[in-house]
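Please read the following briefing alongside the sequence and the model.

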Amino acid sequence: VQLQASGGGLVQPGGSLRLSCAVSGSIFSIIDMGWYRQAPGQQRELVATLANDDSTNYADSVKGRFTISGDNAKNTVYLQMNSLKPEDTAVYYCNARLQLSRYLVANRYWGQGTQVTVSS
């Protein structure tokens with residue numbers, strides 16, 4: 001099982017980016033998926049999560065600017081980031097809680113990070 005993240009890049013303040021994260025491999029179910037970020041010298045922090053009941057959770061710092069959504073058919077989660085600020089600069093990591101089999105408990109998996117840089 002792999003989580004493949006994409007969509008990072010360099011954007012000016014006030015700009016937008018869309019991150020994608022796709023789960024590949026054989027799985028039984030996705031419990032939740034989300035995005036975390038880690039800025040240099042900082043701890044990794046939660047950005048947004050999307051559960052399989054479509055409930056969402058956002059960090060206060062991104063509420064109203066970021067939107068998390070999913071495509072169940074593609075086992076993919078997206079993070080639409082608008083009104084980006086320099087303080088949003090970080091490596092963004094995709095995370096998913098997956099159940100590989102009906103007989104196994106769910107575990108968390110991480111994708112590789114994708115760099116988001118907000119700078120003029």
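A disulfide is taken here as a pair of cysteine sulfur atoms within 2.5 Å. By that criterion, a search of the whole structure returns one disulfide, formed by Cys21 and Cys94 with their sulfur atoms 1.9 Å apart. This is a predicted model, in which local features need pLDDT of at least 70 and side-chain atom pairs count only at pLDDT 80 or more, while totals for chains, interfaces and linings use all residues. Residues are numbered from 1 along each chain as its sequence is written, and side-chain values use heavy atoms, with hydrogens and water left out.

**The disulfide**

- Cys21 lies in strand β3 and Cys94 in strand β9, so the pair ties together parts that are 73 residues apart in sequence; strands (E, at least two residues) and helices (H or I, at least four) are DSSP runs, numbered from the N terminus.
- The torsion about the S-S bond of Cys21 and Cys94 is about -80 degrees, so the disulfide is left-handed.
- Cys21 is buried, with a relative accessible area of 0%, and Cys94 is likewise buried at 0%, where buried means under 20% relative accessible area, exposed over 50% and partly exposed in between (1.4 Å probe, protein chains only).

**The four-stranded sheet**

- An open sheet of four strands has the order β1-β3-β8-β7 with antiparallel pairing, two strands being paired if DSSP finds at least two bridges between them.
- β1 (2-6) and β7 stand at the edges with a single partner strand each, so one side of each is left without a neighbour in the sheet.
- Six bridges join β7 to the antiparallel strand β8 (residues 76-81), and Gly70 stands opposite Val77 in β8.

- In soluble globular proteins, nonpolar side chains tend to be buried together.

**Arg65 and its surroundings**

- Arg65 is placed in the loop between β6 (56-58) and β7 (66-71), and Arg65 is buried, with a relative accessible area of 11%.
- The side chain of Arg65 makes a polar contact of 2.7 Å with the side chain of Asp88, a polar contact being a pair of N or O atoms within 3.5 Å; within protein, one must be able to donate a hydrogen and the other to accept it, and residues adjacent in sequence count only if both atoms are side-chain atoms.
- A polar atom of the Arg65 side chain also lies 2.8 Å from the backbone oxygen of Ser61.
- Leaving aside neighbours within four places in sequence, Arg65 is in contact (heavy atoms within 4.5 Å) with residues including Gln80, Asn82, Leu84 and Asp88.

**Gln80 in strand β8**

- Gln80 is found in strand β8 and is partly exposed, with a relative accessible area of 28%.
- Not counting residues up to four places away in sequence, Gln80 touches Ser16, Leu17, Arg18, Arg65, Phe66 and Thr67.
- The side chains of Gln80 and Asn82 are joined by a polar contact of 2.9 Å.
- The C-alpha atoms of Gln80 and Ser20 are separated by 8.8 Å, although these residues are 60 residues apart along the chain.
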